[in-house]
Amino acid sequence: MGQYRVFVFDLDGTLINDEEKIPERNVEILKKLIEKFEVVIASGRMLKSILNVEREYFGRELPTIAYNGGMIYIPEKGVVFEKNLETDLAKSILVDLRRMKIHRQVYIDDVLYVEEDNEEAREYAKHSNVDFQVVKDLLSLIEKKPPTKILAIDEEKVLDTIKENLRKKYRDSIKIFKSFPTYLEFVPKDVDKGVGLRYLKETFGWKEEEIVSFGDNENDIALFKESGLGVAVANAVKDLKEVADIVAPSNNQAGVVDVISDLVDL
């Protein structure tokens, strides 16, 4: 079991429990892991939000895949990769979401923008521990610079329905997926967590068989494909469990701890 030296973790639903905290057992083992091995955080969250979590729980910054691969950050170097949506595509998606009366928000230069100061924006800001800025028109805003991603927020069943419809409409021009039951993500077609991990593998010389990845949602499938071992927590979606090598206890049971303890000696 000694071949693993790189550990990649999703945040929400994986490291973070349903109370929106990282359980102490997870914190303790990750601190030990960071001292001996390479640890990466890979999340759909904006970079600012992820770095806040890293500093709060681990007292340092880590190599980070943000925006589901749309932005990559390396401590001491800063942002080393960024990929934005095409302006026309972004505008078309925003028009669709407006028409369907679904909350939408965009991310530009790691700043969160919304058109309304509503419950969805406030809940998201609280969940991610970030601020948001209200603007009159997101369409006008993104003409100046296209967004890193667009996020739609609504009830789970609503998003499941529009996800399929919008996937048919945009086909291969954009990636659309769930990162959370009530979050629907829109990112460039050639961006995902797997692409982000591949960038880090090439940068640091990591081999696929050395990497263990942990996740819970469909945006982690691409991560598993770039890893030697994929670990889904028990609360993960069915599609991820089907491609996982191991299913660990849930995020509320600090599920990653048992797997790490079996894989490496800390």
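In this predicted model, L229 belongs to strand β13, which covers residues 229-233. L229 is buried, because its relative accessible area of 10% falls under the 20% cut-off. Leaving aside neighbours within four places in sequence, L229 is in contact with Y4, I211, V212, S213, D245, I246 and L263. V130 lies 99 residues from L229 along the chain, and the C-alpha atoms of the two are separated by 32 Å.

**The sheet**

Strand β13 is part of an open sheet of 8 strands, ordered β5-β4-β3-β2-β1-β12-β13-β14, with mixed pairing. The edges are taken by β5 (78-82) and β14 (246-248); each has a single partner strand, so one side of each is left without a neighbour in the sheet. From one strand to the next, the twist averages 20°.

| Strands | Sense | Bridges | A facing pair |
|---|---|---|---|
| β1 and β12 | parallel | 4 | V6 and I211 |
| β12 and β13 | parallel | 4 | S213 and G230 |
| β4 and β5 | antiparallel | 4 | Y73 and V79 |

Helix α7 (residues 193-204) packs on the sheet, where it touches β1, β2, β3, β4, β5 and β12. The direction of α7 makes about 35° with that of β4. Helix α10 also packs on the sheet, touching β1, β12, β13 and β14, and its direction makes about 170° with that of β12.

How much of strand β12 is buried? The count is 5 of the 5 residues (211-215), so the strand is largely enclosed by the rest of the structure.

In soluble globular proteins, nonpolar side chains tend to be buried together.

Beyond four places in sequence, F214 is in contact with F7, V8, F9, D10, T14, L223, F224, V231, V256, V259 and I260.

The 13 residues of α1 should span 18 Å at 1.5 Å a residue; the end C-alpha atoms are 19 Å apart, which agrees. Buried in α1 are N26, V27, I29, L30, L33 and I34. These buried residues pack against β1, β2 (38-42), α2 and α10 (256-263). An α-helix has 3.6 residues a turn, so residues three or four places apart point the same way.

A polar atom of the N17 side chain lies 2.9 Å from the backbone nitrogen of E19. Not counting residues up to four places away in sequence, N17 touches P23, N251 and N252.

Key
Residues are numbered from 1 along each chain as its sequence is written. This is a predicted model: local features need pLDDT of at least 70, side-chain atom pairs count only at pLDDT 80 or more; totals for chains, interfaces and linings use all residues. Side-chain values use heavy atoms; hydrogens and water are left out. Contact means heavy atoms within 4.5 Å. A polar contact is a pair of N or O atoms within 3.5 Å; within protein, one must be able to donate a hydrogen and the other to accept it, and residues adjacent in sequence count only if both atoms are side-chain atoms. Helices (H or I, at least four residues) and strands (E, at least two) are DSSP runs, numbered from the N terminus. Buried means under 20% relative accessible area, exposed over 50%, partly exposed in between (1.4 Å probe, protein chains only). The expected span of a helix is 1.5 Å times one less than its number of residues. Two strands pair if DSSP finds at least two bridges between them. Axes are lines fitted to C-alpha atoms, for helices over the stretch in contact, and angles run from 0 to 180 degrees between N-to-C directions.
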